[in-house]
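Please read this structure with me as a tutorial dialogue.

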Amino acid sequence: METGKRLTTNAGITVGVVRKLLHRGARGRLGRILAKAYPVEVARLLSTLKGSERAQAFSILLDECDAAHVASVLSEMSPADSTALLERLDPTQIARYLSELPADDATDLASRLPDPLATQVLALMEAEPAADVRELLEHEERTAGRIMTPNFFALDEDMTIAEAVSALQKRSEEYEMVFYLYVVDKRDHLVGVVSLRKLLTTHPSTQLKRIMVTDVINVNTGADQEEVARLVAEYNLLAIPVVDDEDKLVGIVTVDDVIDVLQEEAAEDLLALAGVTAEERVTTSAARSLRLRAPWLLLNLITTFFPAFVIAQFDWAISKYAVLAAIVTMPMGMGGNTATQTLTVMIRGLALNEVSSVRQIVLKQAIVGLGNGVINGVVGSCAVALFFKSFYLGLVLACSMVINMLVAAFAGTLIPIALKKLKIDPAVASSVFVTTFTDVGGSLSFLGIASLLINRFPHT
C-alpha cells in the first residue's frame, strides 16, 4: 500500500496533500486542516511523515492549534514518536502540553524524557498536574500504579442517592471517565461500587452503603500491568480501581489504557520471539538498529556452538557417509518449527493466565509432539528411503524426527514455565534455550542412531 495515496483523515487530507502544502509553504491552510482533523488522524499523519516533513508539520500544528488539541495528538502517537517531537521544544512548551494531558499519559511521556529535561518540565508544569505526575512516577514502570489515573469519582458510603447524583452532576467533568461510582469509608478505604444504572433507579433517600456491591474487583498499585489487563478483559470492566497497601483507593485504570497495554505487550512478545526490542522501529537509524540487534545475535551465536560440537563428534560417520550432513538438518529444522508452535501457544497461555495444571499441559504437548513426530517421520523416511535407496537411512530419520519433536514439545512447554517462575520474561529468553535444545536433540539423535546403523547404508 502506498501510504501517501491511501492515508486519509476525516478532514479529507492525505499524506500526499500534506507534502504538497508543505512544499508550497501553505502553513495557514494546512494548520486549519490539522485543527479540524481528529487527533488520532493527525497523529497517524505525523507518524507517517519523516524527517524535515514531520518537523515542519509539527511546527504548523503548534502554531495553528490550541494546546489541548496538540496534547491530544501527542497522546495518540506512539510514546517514542511523541518524545522525539517533544525533545525539539523548550521546557516551557513541553510543560504546557503535558499539563493538558491526563496524568497517566503525561507521566508516560515525562518518564521518557532525559533526566535534566524531565526535571525542568515538572518544575514548569501547572501545580496540580505536576503533583499527579510526580505521584505516579513514584511507582515502578509497567505496574498499575504507573498507568492509573488519580482522577476518579468516589463518594462516602453514608451519602444518599440524591446527594450522590448532585455531586456527580457538579463534578463529573473533572474526571476522565465516570462509568462506576466508587464508594469509600471515612478513611478512604474502598468498600464498594455502584453502577450508574443502579444509582438512577433507586429511591433518592437511600444511602450508598445500602445498595453498593461490596465484592469489588481491584488491584494493588504494585500489580503488573499485564495482570491488570487480564482482569479487565476477564470481568468485562470499563475501569478497575487501584488501591495502595492500606486498601485506600488511589486511582483507576480505564479500559482505553488497558487496550494500550495489551497492544504494547503483544507487540513486545512478538518482537522478543524474533530477538528484536520494542524500541526499534522501521525508521530507526541503522546504527541504533545494529546496537539493538547485535547482542541478541551474539547470544544466538554462542548457542550454535553446542549443536556444532555434537556434529563434530560424528565427523567420522559423516566422512564415511557424506549425505548424513545434509539430512541431519531435517530433524533439526522440524524440531525448531515444532518448538516455535509450542512456545507461541505457551507464551500466550502464560500471558492470559491459562496455565493451571503443568502436568496436563506437558502431557498434552507431548502427545501432540509425538503425533507430529510419527506423521512427519513416516513421510520423511519414505522420501529419504526412496531417494537414497536405503530403508535404514529412512528409519534413522523417522526415529530422530520422533525423538526431536518430543524434545521440542517438552522444551517449548517447560522452559517458558520455568522462566516465568524465575520472574524472567518467557517471550524474551525462551527462544534461545528452546532452539539450542532442538538443535542438539536433532543432531544427536540423528547422528547417534545413524552411527549405529552406518554399516547397513549403501556404499557411496
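**Reading the chain, its charges and its contacts**

The secondary structure of the protein chain comprises 24 helices and six strands, where helices (H or I, at least four residues) and strands (E, at least two) are DSSP runs numbered from the N terminus. This is a predicted model, in which local features need pLDDT of at least 70 and side-chain atom pairs count only at pLDDT 80 or more, while totals for chains, interfaces and linings use all residues. Residues are numbered from 1 along each chain as its sequence is written, and side-chain values use heavy atoms, with hydrogens and water left out.

Q: What radius of gyration does the protein chain have, and what would a compact globule of 460 residues have?
A: The radius of gyration is taken over C-alpha atoms, and the globule rule is 2.2 Å times the number of residues to the power 0.38. A compact globule of 460 residues would come near 23 Å, but the protein chain has 29 Å. Along the principal axes, the C-alpha atoms fill a box of roughly 90 × 65 × 40 Å.

Q: Which residues gather in a patch of positive charge on the surface?
A: Patches are made of residues with over 30% relative accessible area and no salt bridge; like charges are joined within 9 Å, and nonpolar side chains (Val, Leu, Ile, Met, Phe, Trp, Tyr) within 5 Å. Lys and Arg count as positive and Asp and Glu as negative, while His and the chain ends are not counted. The place of a charge is taken as NZ of Lys, CZ of Arg, CG of Asp or CD of Glu. Accessible areas come from the Shrake-Rupley method with a 1.4 Å probe, and for residues only the protein chains shown count as cover. Here the positive patch gathers Lys-20, Arg-24, Arg-29, Arg-32 and Lys-36. Helix 2 (15-24) and helix 3 (27-36) are the elements that give two or more residues to this patch. Helix 3 provides the largest share, three residues. Lys-36 lies in helix 3 and is exposed, with a relative accessible area of 68%.

Q: Which residues form a negative surface patch?
A: Asp-66, Glu-100, Glu-126 and Glu-128 form a negative surface patch. Of these, Glu-128 has its place in helix 11 (residues 127-137) and is exposed, at a relative accessible area of 59%.

Q: How many salt bridges does the count come to?
A: Side chains of opposite charge can pair when their charged atoms come close. A salt bridge is a side-chain nitrogen of Lys or Arg within 4 Å of a carboxyl oxygen of Asp or Glu. By this rule the count comes to ten salt bridges.

Q: Where do Asp-63 and Arg-27 lie?
A: The side chains of Asp-63 and Arg-27 meet in a salt bridge (2.7 Å, N to O). Asp-63 lies in helix 5 (residues 51-64) and Arg-27 in helix 3, so the pair ties together parts that are 36 residues apart in sequence. Asp-63 counts as exposed at 53% relative accessibility, whereas Arg-27 is partly exposed at 35%.

Q: Is Asp-81 buried or exposed?
A: The side chain of Asp-81 meets that of Arg-54 in a salt bridge (3.6 Å, N to O). This pair links distant parts of the chain, with Asp-81 in helix 7 (residues 79-86) and Arg-54 in helix 5, 27 residues apart. Asp-81 is buried, with a relative accessible area of 8%, and Arg-54 also counts as buried, at 12%.

Q: In which helix do Arg-112 and Asp-108 lie?
A: Both lie in helix 9 (residues 103-112), four residues apart, about one turn of the helix. Salt bridges that share partners also join Asp-156, Asp-158, Lys-186 and Lys-209 into one network.

Q: What separates the C-alpha atoms of Leu-397 and Phe-446 in space?
A: Leu-397 and Phe-446 are 6.4 Å apart, C-alpha to C-alpha, and 49 residues apart in sequence. Leu-397 has its place in helix 23 (residues 391-421) and is buried, with a relative accessible area of 0%.

Note on methods:
Buried means under 20% relative accessible area, exposed over 50%, partly exposed in between (1.4 Å probe, protein chains only).
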